[in-house]
Amino acid sequence: MTEPLLVDRTDAVVTLTLNRPAALNAFDLGLKEALRDALAELETDRSCRAVVLAGAGRSFSAGQDLREHVQTLEAADGNPLDTVRAHYNPIAARLANLPKPVIAAVRGMAAGAGASLAFLADIRIGGPSTSFLMAFAKVGLAADTGASWTLPRLVGHAKAIELLMLAEPVRAEEACQLGLLNRLVDDDEQVLPAAQELAARLAAGPTVAYGAIKRQLSIADAGTLADALAAEAQAQAICGGTADHRAGTLAFVNKEKPVFEGR
């Protein structure tokens, strides 16, 4: 049986590949559970210092597997969208709070929950065929997998309303202009290598500081200046006690290149 999620480790970089290419990497129960559980393991895996999200084949992810969802609807379940609570919410929370950098290699279409998943990454890299589609309204649903939180922060409230209500595809160049993509490479075949190269660079950096930066921005996005200042003080207290801070400071003073160990 083919694994729905491939986990590849290269040094300190872990690449998670959605592996249902025949279904455009749509999320069935097996893929959702595998991704949720893999992210839970990576939270505390100190050997992993950066994560790459990718999709097998020609698509990043088409979102929820609607064929499976139809079966759920026809089963007359009392709550056919319970998968949001059981799967999509934990996936979103773990990705957003993962204390290490996350890079999304968005090759081809990212639709619905697939687009939402990409938006939870810290950095998104795409190619000529990359596009995003907030497809939820097309099937009579509102946003999930964190899109109501990430999308306005990426493109602003007014544009988020437009993308979610009109459900029109956003092609690569426009996605880059809007901030849905951070980087755009010229060749689709280079999307994953570019993401892994950037992840390797980040994996050699001060991992604790990166995690603190993510927490700071999350708090500052939703809070006051006082909240941000308190988060900064807490972060610096933590980072200031790391071996990486000491190594980086000594290297700077000695005009040397620092070697960070992620602790």
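This is a predicted model: local features need pLDDT of at least 70, side-chain atom pairs count only at pLDDT 80 or more; totals for chains, interfaces and linings use all residues.
Figure 1. Residues are numbered from 1 along each chain as its sequence is written, and side-chain values use heavy atoms, with hydrogens and water left out. A disulfide is a covalent bond between the sulfur atoms of two cysteines; here the cut-off is a pair of cysteine sulfur atoms within 2.5 Å, and the count comes to zero disulfides. Cys-239 is buried, with a relative accessible area of 11%, whereas Cys-176 comes out as partly exposed at 26%. (Buried means under 20% relative accessible area, exposed over 50%, and partly exposed in between, with a 1.4 Å probe and protein chains only.)

**Figure 2. Strand E3, wrapped up on both faces.** Helices (H or I, at least four residues) and strands (E, at least two) are DSSP runs, numbered from the N terminus. Six of the six residues of E3 are buried, so this strand is largely enclosed by the rest of the structure. In a regular strand, side chains alternate between the two faces of the sheet. For E3, Ala-50, Val-52 and Ala-54 are on one side, with Val-51, Leu-53 and Gly-55 on the other, and all of them are buried. Strands count as paired if DSSP finds at least two bridges between them; E2 and E3 run parallel, paired over six bridges. Look for Thr-17, which stands opposite Ala-54 in E3.

**Figure 3. Asp-65 and Arg-20, linked across the chain.** Side chains of opposite charge can pair when their charged atoms come close. The rule used for a salt bridge is a side-chain nitrogen of Lys or Arg within 4 Å of a carboxyl oxygen of Asp or Glu, which gives a count of eleven salt bridges. In this one, the closest N and O atoms of Asp-65 and Arg-20 are 3.0 Å apart. Asp-65 is in the loop between strand E3 (50-55) and helix H2 (66-74), and Arg-20 is in the loop between strand E2 (13-18) and helix H1 (29-43), so the pair ties together parts that are 45 residues apart in sequence. Asp-65 is buried, at 11% relative accessibility. Asp-28 joins in too: it is linked with Arg-20 and Asp-65 in a network of salt bridges.

Figure 4. Arg-85 is exposed, at 54% relative accessibility, while Asp-82 is partly exposed, at 27%. Glu-174 is partly exposed, with a relative accessible area of 32%.

**Figure 5. Aromatic pairs: Phe-27 with Tyr-88, and Phe-119 with Phe-132.** Rings of Phe, Tyr and Trp (its six-membered ring) pair if their centres lie within 6.5 Å; planes under 30 degrees apart are stacked, over 60 edge-to-face, and the rest tilted. That rule turns up two aromatic pairs. The ring centres of Phe-27 and Tyr-88 are 6.0 Å apart and the planes sit at 90 degrees, so this pair is edge-to-face. Phe-27 belongs to the loop between E2 and H1, and Tyr-88 to helix H3 (residues 83-97), so the pair ties together parts that are 61 residues apart in sequence. Phe-27 is buried, at 2% relative accessibility, and Tyr-88 is buried as well, at 3%. For Phe-119 and Phe-132, the ring centres are 5.2 Å apart and the planes are at 40 degrees, so the pair is tilted. It links distant parts of the chain: Phe-119 is in helix H4 (residues 113-119) and Phe-132 in strand E7 (residues 131-133), 13 residues apart. Both Phe-119 and Phe-132 are buried.

**Figure 6. The open sheet E5-E7-E8.** Three strands make up this sheet in that order, with mixed pairing. Strand E5 (109-111) and strand E8 (170-171) are the edges, each pairing on one side only. E7 and E8 are antiparallel, paired over two bridges. Phe-132 shows up again here, opposite Val-170 in E8.
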